[in-house]
Amino acid sequence: MRRFLFLFVLLAGLVAAGTVPASAASIRQVTGFGSNPGALQMYEYKPDGLAAGRPVVVALHGCTQNATGYGQGSGWVELAQRAGFTLVLPQQQQVNNISQCFNWFQSADVTRGQGEVESIAQMVRWAVADSGADSRRVYVTGLSAGGGMTAALLATYPDLFAGGAVVAGLPYGCATSVIDAYSCMYPGKDLTPSQWAAKVRAASTYQGPWPTVSIWQGTADYTVAPANQRELVDQWTAVHGTSTTPSTTDTVSGYPHATYRDASGRTAVETYSITGMGHGQPIDPDVQCGRSGAYLLDVNLCTAARMTSTWGL
């Protein structure tokens, strides 16, 4: 009954807004989207009959995952269909990383105009042009290595993204090599907010306004230490010029949630601490979205659904 009511209300709202596509589309590979210096693959889910001026979401898989599995398991595909937006699903290749991790720790892949971040930026530009999307409503999110790459994209291409959601990820500039990456992941690195923010500001010539950042972390994650959530908060609150003390605290589905508001009262940074959750993506197959699987964890809260609402998709 709880699931039925949720879907009924959601569908009613989408029908009223005229954004429910007439039929289901499918995930397809896109080639020829650019010079692709990072040698990534591009997959896309675009609902049939999608109107122009709709948003774009980029969703980045974690290590050992692929674009299709993550897009479906995380719930992003079903939400793109329900709400009506273009979903870009970059995919890593084993030739670049044997574990199919995005190389968030390699300088050549996280420098503006180069490597993997430039490949993903090209995917965004292609998707915006192809679907007639609203270039002011482009968002990026990712899990684990995809979360680390999300932070890298927000730092290197803040002009492309209105906001991002980092799930079990790491601060931008935390590592510059594979060996360094492991110490970043666990136990994590402790820098001052100004030191973290300097890494973001050095990544481009952009002056703002900066993308909003939502940071999701399991408290029992022994792959990416929960300390990384605190360091991400330090990094992005300093970039936004806000306090590292939360403006508000509450709970969402029973989990601690905090917001950090800027001078205008806008939530610039927020955190979700998923109590007792290990390494993975929060999903809620029974009510909100997602399919359980490896690193896709049913905790009765779905990141994709929450961000769809927060970003007004």
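Q: Where is glutamate 118 found?
A: Glutamate 118 is in helix H4, residues 115-131. Helices here are DSSP runs (H or I, at least four residues), strands are E runs of at least two, and both are numbered from the N terminus. By the way, this is a predicted model, where local features need pLDDT of at least 70, side-chain atom pairs count only at pLDDT 80 or more, and totals for chains, interfaces and linings use all residues. Residues are numbered from 1 along each chain as its sequence is written, and side-chain values use heavy atoms, with hydrogens and water left out.

Q: Okay, is glutamate 118 buried or exposed?
A: Glutamate 118 counts as buried, because its relative accessibility is 11%. The cut-offs are under 20% relative accessible area for buried, over 50% for exposed and partly exposed in between (1.4 Å probe, protein chains only).

Q: And what is it in contact with?
A: Setting aside neighbours within four places in sequence, glutamate 118 is in contact with Pro37, Gly113, Arg125 and Tyr157. Contact means heavy atoms within 4.5 Å.

Q: New topic: how many aromatic pairs are there?
A: A search of the whole structure turns up six. Rings of Phe, Tyr and Trp (its six-membered ring) pair if their centres lie within 6.5 Å; planes under 30 degrees apart are stacked, over 60 edge-to-face, and the rest tilted.

Q: What kind of pair do tryptophan 104 and phenylalanine 105 make?
A: Their planes are at 90 degrees and their centres 5.4 Å apart, so that pair is edge-to-face. Both tryptophan 104 and phenylalanine 105 are buried.

Q: What about tryptophan 216 and tyrosine 272?
A: That aromatic pair is stacked, at 3.9 Å centre to centre with 15 degrees between the planes.
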